[in-house]
Amino acid sequence: MATDVVPPLVAPGRGGGLIEVARRRYLLRLVVRRELRRRYQGSLLGLGWSYVRPAVNFCVYYFVVGIFLRMTKTVPAFPVYLFSGMVLVNFFTETLITSTWSVIGNRALVQKVYLPREVFPTASMLVSLVQMVPALVILLVGAVLAGWSPSTLALGSAALGLAIVVVLALALGLLFSTLNVFFRDFGQVVDILALVIPWTTPMIYRWTAVKASASALGLQIYLANPLTVAVSLFQRAFWWPATGRPFRPGDQRFPDHLTTRGLVALAAAVLLLIIGQAVFRRVQWRFAQEL
Amino acid sequence: MEAVVVESVSKRFTLRHAHSIKEMTVRAARRQSLAERFTALDDVSFTIEQGDAVALMGLNGSGKSTLLKLISGVMRPDSGSVRVRGTVAGLIEVGAGLHPDLTGRENIYLNAAILGMSRRGTERAFDSIVDFAEIERFLDTQVKFYSSGMFMRLGFSIAVHTDPDVFLIDEALAVGDAPFQKKCLARIREHHAAGRTLVIVAHDTGTLERLCGRGLVLRQGRLVFDGNIYDAVDLMVPPADDQERARRERARREARSDEAVRTGGANPTAR
């Protein structure tokens, strides 16, 4: 082989982590495509199912909470309100569930071939992101029909909210996929988490309901949840402009200092991602023998 | 120049007997151990020079596959160090990366990427991979409809078209029918001739003698022999009597002269 530079002797398969995943984007893209293919292989609707599921979910909440519990009376443009939170929350729970099983599901590869194992949780997150696109389009169409128009604040809020959830989902995905390798019970725990998570955010109800019933400390804890912040940001991006009311700082429609809270949440998510990556990297050597 | 350096490597596994809380309580009540330590590799050291072809031999459970996994980077040793020069890939469990729901074509791209090939590299090798696997007609069929032979051939074909510096081969030579095996051997020889380092695990001593110059014998995780391939084979499978010994030596002499003829004149394409 005509290699001019003699490569040095190194330990094989030094985990390059997410950076190596980023370098091997081509592999990542193929894994994502395989995952999408696997999910919809042989089904008549194919990717259409990613419209059906949120649609049914939406209808259930809309009729029960919106009509029967009369949320449509108190919240203007309630469908947009509901859906802007739901898009994010669904993406988040979906990523948690799929990435938790991502390493175990690729057992054959993990045991036999060296590749950066971060590929699997990352691919799970990206698959959920792809499936989120139709929902986002529907949300945008719905918001426009309700009177939404773009503004810097709206687009900025949307970007910040999305960034928080993407980073957070990836961080937890790395951690959960690791935990599930060592403790299989963890998969069950995540299923339960996915049940609880939608109710920990102001997706169906207004955050003011928490403010009215919780103590000051309780409210701060509630607002410290990055997902709550992200959902609020998405509502500020899509729902608030659609109600036709101008946004004023300190407006009780949203928690105070929402942008600052968003930036802090993003920083926390990035920190968690760094921790998740460090943990994943340390223990991934034991994956092959634990599976 | 060394291609693989293994220095006093040990690897232990923990076999857990109990997984659920119930099992753990029962075993604890009976004073049975919850887990057992098992030494797969014990202070193994050796160096492989670039361009060498080395056979790893030993009975089942002697640690061969564990050693290959350490070299490929799938696992890490508990103590000692493994270092490799350049890229490693291998025919370890051929077909591990094939996905039944994807077509042959899609699998070629995916599996090649998993084994570290770039898109351009795959495109360049694509026709050759298809040719080698003999699956032209089924290229756009989902792999789950393949016969087991086609499946293995496809996996093998992709793996032998990767371009690593160190090539690991684990029991994969038993793939397919006789003509295909012959083709595989030829392909592996080509890799060797191109200066790649080969580490081969197989039970078929005849194949190993033809491919490798050096043999390592593992016994219960310890390296008990490191030297000439013929001595390694004789250690693994001692000849029954003098007659058998003489027969082997004759066969080896013939094989060597065959080799000389083939690489000398009959096969000008050999690099």
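## A sheet across two chains

Strands S1(A) and S4(B) are paired antiparallel through two bridges. Strands pair if DSSP finds at least two bridges between them; strands (E, at least two residues) and helices (H or I, at least four residues) are DSSP runs, numbered from the N terminus. The model is predicted: local features need pLDDT of at least 70 and side-chain atom pairs count only at pLDDT 80 or more, whereas totals for chains, interfaces and linings use all residues. Residues are numbered from 1 along each chain as its sequence is written, while chains are lettered from A and ligands numbered from 1 in the order in which they are written.

The open sheet has four strands, ordered S1(A)-S4(B)-S1(B)-S2(B), with antiparallel pairing. Strand S1 (9-10) of chain A and strand S2 (35-49) of chain B are at the edges; each has a single partner strand, so one side of each has no neighbour in the sheet. Within chain B, S1 (residues 2-16) runs antiparallel to S2(B) and is joined to that strand by 11 bridges. There, B:Lys11 has B:Leu41 of S2(B) as its bridge partner.

## The contact between the chains

Chain A supplies 25 residues to the contact and chain B 33, where contact requires C-beta atoms, placed from the backbone, within 7 Å. On the chain B side, the elements that give two or more residues are S1, helix H2 (64-72), strand S4 (79-85), strand S5 (88-92) and helix H3 (104-114). S4(B) gives the most, with five residues.

By class, this side of chain B has 17 nonpolar, eight polar and eight charged residues. Ala, Val, Leu, Ile, Met, Phe, Trp, Tyr, Cys and Pro count as nonpolar, Asp, Glu, Lys and Arg as charged, and the others, Gly among them, as polar.

## Helix packing in chain A

Helices H5 (residues 78-100) and H9 (residues 152-182) of chain A pack at about 20°, their axes 8 Å apart. Axes are lines fitted to C-alpha atoms over the stretch in contact, and angles run from 0 to 180 degrees between N-to-C directions. H5(A) is therefore roughly parallel to H9(A) (an angle under 35 degrees).

Residues of H5(A) in this contact include A:Leu88, A:Phe91 and A:Thr95, and those of H9(A) include A:Gly161, A:Val165 and A:Phe176. The contact of H5(A) with H9(A) comprises eight nonpolar, seven polar and no charged residues.

Conventions
Contact = placed C-beta atoms within 7 Å. Parallel < 35°, antiparallel > 145°, perpendicular 65-115°, else oblique.
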